[in-house]
Amino acid sequence: MTIYKRLLFIVLALLTVYISQAENGINSPYSRFGLGVLSDQNLAVNRQMGGLGYALRDNSYINLLNPAAMSAADSTTMIFEGGFSLQNGNFKENGIKINAKNASFDYLAMSFRLRRNLGIALGMLPYSNVGYSFSRNETILSPDGDSNGSFSSIYKYNGTGGLTQPFISIGWGITDNFSIGVTASYLYGDITHNISNNFTDNNISSTSRQYNLNVSNYKADFGLQYSKIISEKRSFTIGAVYSLGHDLDAEARMIERKTTSGTAEYSDTTTFANAFKLPHTIGAGFTYTTGKWTFGADYTFQKWSDSSFFGDNKGCDRSKVSLGAEFSPSKISRNILKRSRYRAGLYYAQPYTEFNGSKGCEEFGVSAGFTMPMNSTNNMNNNRSLLNISGQFVRINPKTEGMITETYLRINIGVTFNEFWFFKSKVN
């Protein structure tokens with residue numbers, strides 16, 4: 001890796017740490033519920049294929065969805081990968097439309113081989129994000145119906161924060177066909193929600209609630225993969241993962257206040273014990289490769305029904321299905337377009353929270369993208385660093401009528417530095 005690429009990697013690392021504490025690129029009122037909008041731990045290639053990953057194995061990119069995939073790490077290279085996204089969101093409710101644009105630095109990861117059949121990856125990912133700010137007004141008439149005696153009630157809602165997970169992932173190939181892996185993460189972050197009700201009549205008391213959550217705990221994921229070569233151009237891989245569910249032992253509280261004419265009248269704090277839990281998660285998938293094509297599917301189940309959030313909203317068991325495909329025209333062509341890989345996918349996910357006694361929002365998404373070598377010439381020394389670009393269309397549909405429908409168009413950009421750090425040159 002050249003000194004310029006190493007400097008760029010350091011800059012990306014610093015940006016990731018900074019942005020993880022600041023802007024998270026989220027502007028969704030549904031991040032009010034649960035732990036916020038969940039991240040699916042997807043890197044560039046997974047995003048191109050609708051979130052597919054449990055059975056993907058390739059030493060040219062990092063796949064964090066199954067730690068067993070780390071066993072495929074190449075012996076001569078160190079892989080660095082960073083990604084960010086641009087997002088245009090449209091929100092629609094009862095004929096009213098609002099548009100919002102966001103950008104975020106999403107992840108940073110690196111991977112290399114420790115020894116034969118033993119690979120490692122480490123980095124930082126988001127687990128969930130919270131970000132919203134909106135208000136609504138109500139006009140209250142006087143008891144006799146006289147509009148001159150009416151006043152307004154103003155409700156304001158805003159929230160910030162999210163959870164971040166630095167991680168280390170290790171995969172071991174027990175045999176030529178079977179691999180296992182484990183990912184250990186440190187889950188941390190703060191989430192704050194504010195709700196206030198103010199009146200234009202100063203003689204009426206204003207009320208407010210602030211919800212605070214501070215998380216500092218572990219997360220553990222386990223995975224396995226089994227690969228079978230059917231013929232020279234055909235192979236089949238299956239993968240499975242399990243994430244340990246447990247109490248977060250998080251510090252969660254609600255602070256209620258009441259004021260009249262700027263004077264505090266009442267303040268009370270409620271503490272919630274063991275209200276937040278990580279769900280037991282299981283997932284399984286397969287990929288089938290035939291010549292230039294790879295096809296695959298994943299299924300994920302998360303048992304959120306054992307959790308409640310700030311004592312009010314309950315969790316719902318969540319399922320997700322992902323389908324994806326890849327087309328790789330050629331690995332040795334002089335034509336850079338033929339050496340690129342083209343991918344597409346789609347997914348469907350059920351909600352993991354409920355509000356007002358009903359389930360939250362179901363999510364649909366389709367994606368397509370490509371991975372292109374960052375150098376136009378084709379030789380073993382400069383054909384390994386990659387540019388990943390994909391587009392995603394995502395639709396968030398509430399289960400309850402009268403709620404906001406969200407539509408997103410995202411552009412995901414990832415850069416993979418795949419360099420010969422461990423390659424020994426032979427001098428004649």
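Mentor: What follows goes through the salt bridges pair by pair. This is a predicted model, in which local features need pLDDT of at least 70 and side-chain atom pairs count only at pLDDT 80 or more, while totals for chains, interfaces and linings use all residues. Residues are numbered from 1 along each chain as its sequence is written, and side-chain values use heavy atoms, with hydrogens and water left out.

Searching the whole structure gives 10 salt bridges, the term meaning a side-chain nitrogen of Lys or Arg within 4 Å of a carboxyl oxygen of Asp or Glu. One of them joins R318 and D40, at 3.8 Å from N to O. R318 belongs to strand β17 (residues 318-327) and D40 to the loop between β1 (37-38) and α2 (44-48), so the pair links parts of the chain 278 residues apart (helices, H or I, of at least four residues and strands, E, of at least two are DSSP runs, numbered from the N terminus). R318 counts as buried because its relative accessibility is 9%, and D40 as partly exposed because its value is 25% (buried is under 20% relative accessible area, exposed over 50%, partly exposed in between, with a 1.4 Å probe and protein chains only).

D317 pairs with K303, their closest N and O atoms also lying 3.8 Å apart. D317 is in the loop between β16 (313-314) and β17, and K303 is in strand β14 (residues 293-303), 14 residues away. D317 is partly exposed at 24%, and K303 is partly exposed at 31%.

R341 and E326 form a further salt bridge, 3.8 Å from N to O. This pair connects strand β18 (residues 341-349), which holds R341, with strand β17, which holds E326, across 15 residues. Both residues are buried. Through shared partners, salt bridges join D58, E326, R341 and R343 into one network.
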